[in-house]
Amino acid sequence: MGQRSKALSLISLATKAQKTVSGEFCTEKEVKSGAAALVVIANDASDNTKKKFKNMCEFYHVPICFYRDKDTLGHAMGKQFRASLAILDQGFAKGIRESMDAEDNTVA
């Protein structure tokens with residue numbers, strides 16, 4: 001498998017198109033406002049963060065997946081470490097989920 005996955009490329013494109021938010025506060029805000037189409041949490045995020053977003057996404061019926069690590073997610077967004085991010089576009093969210101499924105990652 002290459003260093004750069006299709007999912008990361010799509011996260012990068014979505015960020016350039018201003019269809020992502022990152023960081024715990026912004027991600028939570030978009031989930032609660034109904035704008036989030038997909039939430040991505042780093043595998044190395046704290047158990048507390050994972051549990052919080054898993055429960056929140058279940059409650060608000062937002063798909064969530066756990067992917068790679070904070071460094072990789074941050075890098076895909078052109079930022080520092082990112083433990084959580086939300087995709088705000090259905091098309092990007094669908095493409096990211098499909099490519100993560102193809103890579104056989106954990107989708108909750």
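## Basis of the description

In this predicted model, local features need pLDDT of at least 70 and side-chain atom pairs count only at pLDDT 80 or more, whereas totals for chains, interfaces and linings use all residues. Residues are numbered from 1 along each chain as its sequence is written, and side-chain values use heavy atoms, with hydrogens and water left out.

Helix 1 spans residues 6-16; helices (H or I, at least four residues) and strands (E, at least two) are DSSP runs, numbered from the N terminus. Within helix 1, the residues A7, L8, L10, I11, S12, A14 and T15 are buried. Here buried means under 20% relative accessible area, exposed over 50%, and partly exposed in between, with a 1.4 Å probe and protein chains only. These buried residues pack against strand 1, strand 3, helix 4, strand 4 and helix 5, where contact means heavy atoms within 4.5 Å.

Helix 1 and helix 5 pack with their axes 8 Å apart, at an angle of about 165°. Axes are lines fitted to C-alpha atoms, for helices over the stretch in contact, and angles run from 0 to 180 degrees between N-to-C directions. The two helices, helix 1 and helix 5, are therefore roughly antiparallel (angles over 145 degrees; under 35 degrees counts as roughly parallel, 65 to 115 as roughly perpendicular and the rest as oblique). Their crossing is left-handed, a term used if the near helix is turned anticlockwise from the far one by less than a right angle. On the helix 1 side the contact involves K6, A7, L10, I11, L13 and A14, which meet F92, G95, I96, S99 and M100 of helix 5. By class, this contact has 8 nonpolar, 2 polar and 1 charged residues. Ala, Val, Leu, Ile, Met, Phe, Trp, Tyr, Cys and Pro count as nonpolar, Asp, Glu, Lys and Arg as charged, and the others, Gly among them, as polar.

## The nonpolar cores

The largest nonpolar core has 20 residues, of which I11, V40, L73, I87, I96 and M100 touch the most other members. Such a core is a set of buried Ala, Val, Leu, Ile, Met, Phe, Trp, Tyr and Cys residues joined through side-chain atoms within 4.5 Å. At least two residues of this core come from each of helix 1, strand 2 (38-42), strand 3, helix 4, strand 4 (84-87) and helix 5 (90-102). Helix 1 gives the most, with 5 residues. A second, separate core of 13 residues includes V39, M56, V62 and F66.

Leaving aside residues up to four places away in sequence, I87 touches residues including I11, L38, F92 and I96.

## Helix 2 against helix 3

Helix 2 (residues 24-33) packs on helix 3 (residues 47-60) at an angle of about 15°, with axes 10 Å apart. That angle makes helix 2 roughly parallel to helix 3. Helix 2 passes helix 3 in a left-handed crossing. The contact is formed by E24, T27, E28, V31 and K32 of helix 2 with T49, K52, F53, M56, C57 and Y60 of helix 3. By class, it has 5 nonpolar, 2 polar and 4 charged residues.

## Two residues with positive phi

Most residues other than glycine have a negative phi. Q18, in the loop between helix 1 and strand 1 (20-22), has a positive phi of about 60° although it is not a glycine. Q18 is exposed, at 69% relative accessibility.

R68 lies in the loop between strand 3 (64-67) and helix 4 (70-76). Its phi is also positive, near 45°, and R68 is partly exposed, with a relative accessible area of 22%.
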